[in-house]
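Hi,

Here's the structure I said I'd pass on.

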Amino acid sequence: MNDVDFRKRAAARAAVDEIEPGMLVGLGTGSTAAFAIAALADRVRAGLTIRTVATSRATEAAAEAAGMGVLDMADFGRVDLAIDGVDEIDPAFRAIKGGGGALLREKIVAAAADRMIAIADASKCVARLGRPMLPLEVLPFARSFVADAVAALGGTPILRTAGGAPVLTDQGNVLIDCGFPGLEDPAALAHALGQIPGVLGHGLFLDEIDALYVAGEDGVRLYE
Ligand code: 5RP
């Protein structure tokens with residue numbers, strides 16, 4: 001295991017230690033969240049009783065493969081605890097997420113969580129957001145309209161593709177990755193993106209995150 005994965009696993013394990021018996025836990029998506037799923041599965045095998053919901057089909061499959069049952073988020077209005085990775089996070093716990101394309105379900109679970117914990121290796125921590133592309137989940141019908149609206153906001157829209165075809169989300173929508181260099185006012189940008197018809201979700205998580213476990217050279221730290 002390389003240093004980055006070692007740190008992702010350390011942050012994930014620390015967050016999973018917060019899970020208490022009987023909790024409804026929201027499982028995130030991505031490589032850091034995968035370490036949390038593995039750590040939680042270890043605790044379940046050791047006798048912990050919890051319920052889970054998943055932020056993506058991939059996470060649902062991973063949790064089930066690890067021996068955990070996964071419930072349908074559609075049946076729940078709140079979640080006790082959610083644990084998820086980030087693409088980038090600033091000192092005010094504002095984050096960019098959605099590199100794995102699961103931003104819409106991730107935001108719903110994060111918003112529903114009494115406590116939303118971000119887990120990250122230290123390379124994800126920045127003084128100011130804006131380095132990674134900002135993903136949007138977009139209704140396919142609105143793909144070109146949204147791309148033009150993003151350009152009008154000063155962004156550079158790129159349709160996410162794989163093998164020459166658009167990547168489709170778990171909901172059957174497309175992803176538009178947007179370059180917004182500098183990202184001077186995340187709240188204003190989030191508001192503007194939310195006003196564009198056809199944008200079903202964006203990867204700016206500005207209010208959802210309550211705590212952050214970061215793993216660096218000197219071990220894991222909790223910020224809250
Ligand atoms: C998926 C996400 C991920 O949490 C984010 O991309 C971080 O991924 P990783 O833990 O693999 O670095 O938002 O949609």
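In this predicted model, 6 strands make up an open sheet, and the order across it is β2-β1-β3-β6-β14-β15. The pairing is mixed. At the edges you'll find β2 (51-54) and β15 (219-223); each has a single partner strand, so one side of each is left without a neighbour in the sheet. On average, neighbouring strands are turned by 20 degrees against each other, ignoring direction.

Within the pair, I117 sits opposite A211 of β14.

Now for the helices. Helix α2 (residues 31-45) packs on the sheet, where it touches β1 (24-27), β3 (79-85) and β6. The direction of α2 makes about 130 degrees with that of β3. Helix α4 (residues 103-112) lies across β1, β2, β3 and β6, and runs at about 140 degrees to β3.

Helix α4 is also where E106 lies, and that residue carries an "active site" feature in UniProt, from an unreviewed entry. So is E106 buried or exposed? There are 30 other C-beta atoms within 10 Å, and the cut-off for buried is 20 or more, so E106 counts as buried. Leaving out residues up to four places away in sequence, E106 touches G28, T29, T55, D84 and K97.

Cheers

How values were computed:
Residues are numbered from 1 along each chain as its sequence is written. This is a predicted model: local features need pLDDT of at least 70, side-chain atom pairs count only at pLDDT 80 or more; totals for chains, interfaces and linings use all residues. Two strands pair if DSSP finds at least two bridges between them. Helices (H or I, at least four residues) and strands (E, at least two) are DSSP runs, numbered from the N terminus. Axes are lines fitted to C-alpha atoms, for helices over the stretch in contact, and angles run from 0 to 180 degrees between N-to-C directions. Two residues are in contact if their C-beta atoms, placed from the backbone, lie within 7 Å. UniProt positions are given in the numbering used here, feature names are shortened, and annotations may be inferred rather than shown by experiment. A residue is buried if 20 or more other C-beta atoms lie within 10 Å of its own, exposed if 12 or fewer, and partly exposed in between; C-beta atoms are placed from the backbone.
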